[in-house]
Amino acid sequence: MTTQPLPASSWLNAPAHHAWLAGEGQRLLAFAKASRLPDGFGNLDDKGQLPADAYAETMNTARMTHSFAMAQVMGLPGYADLVAHGVAALRGPLRDSEHAGWFATPNARDGNHGKAAYLHAFVALAASSAVVAGAPGAQDLLNDAIHVIDQFFWSEEEGVMLESFARDWTGVEAYRGANSNMHATEAFLALADVTGDRRWLDRALRIVERVIHTHAAANRFMVIEHFDTRWQPLPGYNEDNPADGFRPYGITPGHGFEWARLVLHLEAARLQAGLVTPDWLVSDAQGLFASACEHAWAVDGAPGIVYTLDWNQRPVVRERLHWTHAEASAAAQALLKRTADAHYEMWYRRFWEFCETHFIDRTHGSWHHELDPHNQPSSNIWGGKPDLYHAWQAVVLPALPLSPSMTSALGRGLYVTRW
């Protein structure tokens, strides 16, 4: 068993809590619809408008396609056309028709012709969700994404995704990243459900063994983000650019929470598939969660989770990002389901109270994406409100089991608690 009976008093058993989550989810979805552009989906500003110079991006297009597919599968009208639009964009202007794979922007209009594992993981996730939703062209998109991952990104020797390549798949980057492999783990769980191919669960386990059970566990469950090609840590990486949005210096506690949840999903998926499932998966998830809470919550004297820490667990970038808190809530509910430990109930409620008080924008919609160290809205790292994916998943996950993956669970009607 990977879940335990929850006490009747748990918010996860409370119809009013799930009604609140459902209302918040539909509010988030309605805001995000305005991100549609001819070539995909773009970045919305603080008021939910597309700037005059907005253009589509593969990351947002993939995340929106995945999120809208979940909404469609749940039975919410008004999202099928958005899913089809996302699939068409990913099969069209965002794809490199000459060399395969995906650019970051349509026809590489930003000048970046490289191929990044991070983006390709999201394309695979979007494709898998679109297949569940029955979107036209989704199966071809999925087949294409799997082919690219198999042919270029997956390293059987290392048991991880390689980081990035030039446009023609030459010049693999001399860097290995935990972030791209974390989202590959998420995508692989979805691919396993949609394709029925268990190799994706084996690949996900190999990633987790290396990044979490080997490196993070030896670092008191603080996730090491940056490595060289021999998987030796790079502790000084980006020290001169500590607030980078994707490769920040030091420790990123939000990823500790995100990994904790994914590790539990992997445990549940492997048990359901009848595969050998290491006992350390749940203890590693608990270690990741405990470390992130201990070192990052209110560490500078104010409530909230700081963006990054140095190697002595001191705050470096003190801004609070919305995705970090969405993932913290999602990890707490997963551990609560897995263990029924009241400790996780306390954290789950604490995170949602913080999000309701500080992140949720009842005036202009969606969530503030960033708060300053005094918990006031800011935009030093992330401007506007381009991200649906993190907050949306945080409100949907409490209603679902730990396995299968989200869109597949919705498609099969496998709700723990109905919305």
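My entries follow, topic by topic.

**Ground rules**

I am working with a predicted model, in which local features need pLDDT of at least 70 and side-chain atom pairs count only at pLDDT 80 or more, while totals for chains, interfaces and linings use all residues. Residues are numbered from 1 along each chain as its sequence is written, and side-chain values use heavy atoms, with hydrogens and water left out.

I take helices (H or I, at least four residues) and strands (E, at least two) as DSSP runs, numbered from the N terminus.

**Helix pairs**

I reminded myself that two packed helices are described by the angle between their axes and the distance between the axes. The axes are lines fitted to C-alpha atoms, for helices over the stretch in contact, and the angles run from 0 to 180 degrees between N-to-C directions. Angles under 35 degrees count as roughly parallel, over 145 as roughly antiparallel, 65 to 115 as roughly perpendicular and the rest as oblique. I call a crossing left-handed if the near helix is turned anticlockwise from the far one by less than a right angle, and right-handed if clockwise.

How do H8 and H9 pack? I looked up helix H8 (residues 253-272) and helix H9 (residues 280-296), and found an angle of about 160° with the axes 8 Å apart. H8 and H9 are therefore roughly antiparallel to each other. Their crossing is left-handed. For contacts (heavy atoms within 4.5 Å), I noted residues of H8 including Phe 257, Trp 259 and Leu 264, and residues of H9 including Leu 288, Phe 289 and Cys 293. I sorted the contact residues of H8 with H9 by class and got 15 nonpolar, 1 polar and 1 charged. In this sorting, Ala, Val, Leu, Ile, Met, Phe, Trp, Tyr, Cys and Pro count as nonpolar, Asp, Glu, Lys and Arg as charged, and the others, Gly among them, as polar.

Next I followed H9 to helix H10 (residues 322-339), where the angle is about 140° and the axes are 11 Å apart. H9 and H10 are therefore oblique to each other. This crossing, too, I wrote down as left-handed. Val 282, Ala 285, Gln 286 and Phe 289 of H9 meet residues of H10, among them Ala 328, Leu 335 and Arg 338. The contact of H9 with H10 divides into 7 nonpolar, 2 polar and 1 charged residues.

My last pair was helix H5 (residues 138-153) and helix H7 (residues 199-218), whose axes come within 14 Å and cross at roughly 50°. That makes H5 oblique to H7. Ile 146, Ile 149 and Asp 150 of H5 touch Arg 199, Trp 200 and Arg 203 of H7. By class, I have 3 nonpolar, no polar and 3 charged residues for H5 with H7.

**The core**

I define a nonpolar core as a set of buried Ala, Val, Leu, Ile, Met, Phe, Trp, Tyr and Cys residues joined through side-chain atoms within 4.5 Å. Buried means under 20% relative accessible area, exposed over 50%, and partly exposed in between (1.4 Å probe, protein chains only).

Which residues have the most contacts inside the largest core? They are Phe 68, Phe 188, Phe 289 and Phe 351, in a core of 135 residues. Helix H4 (residues 117-133) gives the largest share of this core, 12 residues. I also found a second, separate core of 5 residues, with Tyr 307 and Trp 323 among them.

**Single residues**

Is Arg 261 buried or exposed? Arg 261 is in helix H8, and at 3% relative accessibility it counts as buried. I listed its contacts, including Glu 327, Gln 393 and Leu 397, leaving out residues up to four places away in sequence.

Pro 136 lies in the loop between H4 and H5, and with 61% relative accessibility it counts as exposed.

A cis peptide bond joins Ser 403 and Pro 404, with omega at about 5°. Gln 313 has a phi near 65°, a positive value in a residue other than glycine, and is buried at 16% relative accessible area.
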